[in-house]
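Let's take a walk through this protein together, with the model open beside you.

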Amino acid sequence: MKKISVIIPCYNVAPYIDRCLTSVLNQTTGPADLEIICIDDASSDNTWIHLQRWKSLWPDQVVLYRQKVNGRQGTARNIGLSIASADWITFVDADDWLEADCFELLYKPVTRFECDVVCCGWVRDYADSLTCFDDENRNAGAGEEQYIIGDGAELTRYLLRFKKLGAGPVGKLIRRKLLLDREIFFPEGLAYEDHYWSPLLHVYAEKIYFTGKNLYHYYVNPHSTALSRNSDHHIDWITVQMLKWKDFKKRGIWQQYNKELEHDALRDAWGFLLWMIMQYDEPSFSLFQLEREFIREHVPDYRLDPYITDFSELYRFLLEVLYSSVNRAGFLQIVAQVKRHWTGIGG
């Protein structure tokens, strides 16, 4: 039985996958306890050839699965979870890489404490090669090493409000049983699937350990799904919001954590508006209206959010825009204003 199942979605990552797998297989824990599941999500480049070479080198560690039709990262991660056999799961994106002791520091707490999730920090990295953090970057902004266990509801409210487990699945070691028992899966065929998944982990995780170290290199890939400009898949952000809201009510968690989940919805709303403004040369007024109608229907008055001060002045301004009756001409003026502001602060 392997100790850790490493799930890596792969789509057209031929330039990056060797760096990623080198960092995984060179972990200080050694490769023997790793099950490395690589899902080729119908790549059209040489990704599959690279994966087959790694399989030939590490037949006992590397597990390959090839999709005939692209299902995006959510589908690939769900497939990986269905294949995984280890008690602990970690997700790694194929263009990212790890510090050499990442798995050692993530796994050590589960041998000492009862944990649902162990988290490390991550840092945006623009490097083209496999680099390592110096001591300053390993510690900067990672927070304190701590073990958190609470009374359930109060802990969950704290986690949800501050997104203490992060906004996505990477940089974590997660008990597989938790994901399966609580049905914490990803929406399939959509971008921004992590926006749906992350709140569920915050709701259901009860025992959490933070390493206090940055151990994950998040590669700023200009060709990634999130950073691609003028793409139709950015509309998925709104679709995921709708799915989240429906699922929260179906699970019965909205009733218990409505203030925190409304806060999450407001975060999604201003996040989408800002992303649309910055990722489209000519942002759609129609999409703006769609987002405006959605958020005003589900959160009628953002000013009643008890955590509104968590948002910066810019983000509160974006919410005010969403709750206003601005017309197309006014919207375009706001777009130009936000672009100038965001560029000015180095956004």
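Why does Arg161 count as partly exposed? Its relative accessibility is 23%, and partly exposed is the class between buried, under 20% relative accessible area, and exposed, over 50%, with a 1.4 Å probe and protein chains only. Before going further, please keep in mind that this is a predicted model, in which local features need pLDDT of at least 70 and side-chain atom pairs count only at pLDDT 80 or more, while totals for chains, interfaces and linings use all residues. Residues are numbered from 1 along each chain as its sequence is written, and side-chain values use heavy atoms, with hydrogens and water left out.

Arg161 sits in helix α6, residues 153–162; helices here are DSSP runs of H or I with at least four residues, strands are runs of E with at least two, and both are numbered from the N terminus. Setting aside neighbours within four places in sequence, Arg161 makes contact with His263, Arg267, Tyr307 and Asp310, where contact means heavy atoms within 4.5 Å. Tyr307 is 146 residues away along the chain, yet its C-alpha atom is 7.7 Å from that of Arg161.

Searching the whole structure turns up one cavity of 30 Å³ or more. On a 1 Å grid over the protein atoms alone, a cavity is a set of points where a 1.4 Å probe fits but cannot get out, whereas a pocket is an open set with protein on both sides within 12 Å along at least five of seven lines; lining residues have an atom within 4 Å of a point. The largest cavity has a volume of about 50 Å³, taken as the space filled by probe spheres set on the points, which are joined across faces, edges and corners. Among its lining residues are Trp245, Phe248, Leu261 and Asp268, and α9 and α11 (258–279) each supply at least two residues of that lining.

The second largest pocket holds about 150 Å³ of space. Its lining includes Phe185, Tyr196, Asp247 and Arg251. Helix α9 gives the most to this lining, with three residues.

Finally, look at strands β2 (residues 34–40) and β3 (residues 62–66), which pair in the parallel sense over five bridges; pairing requires at least two bridges found by DSSP. Ile37 stands opposite Val63 in β3.
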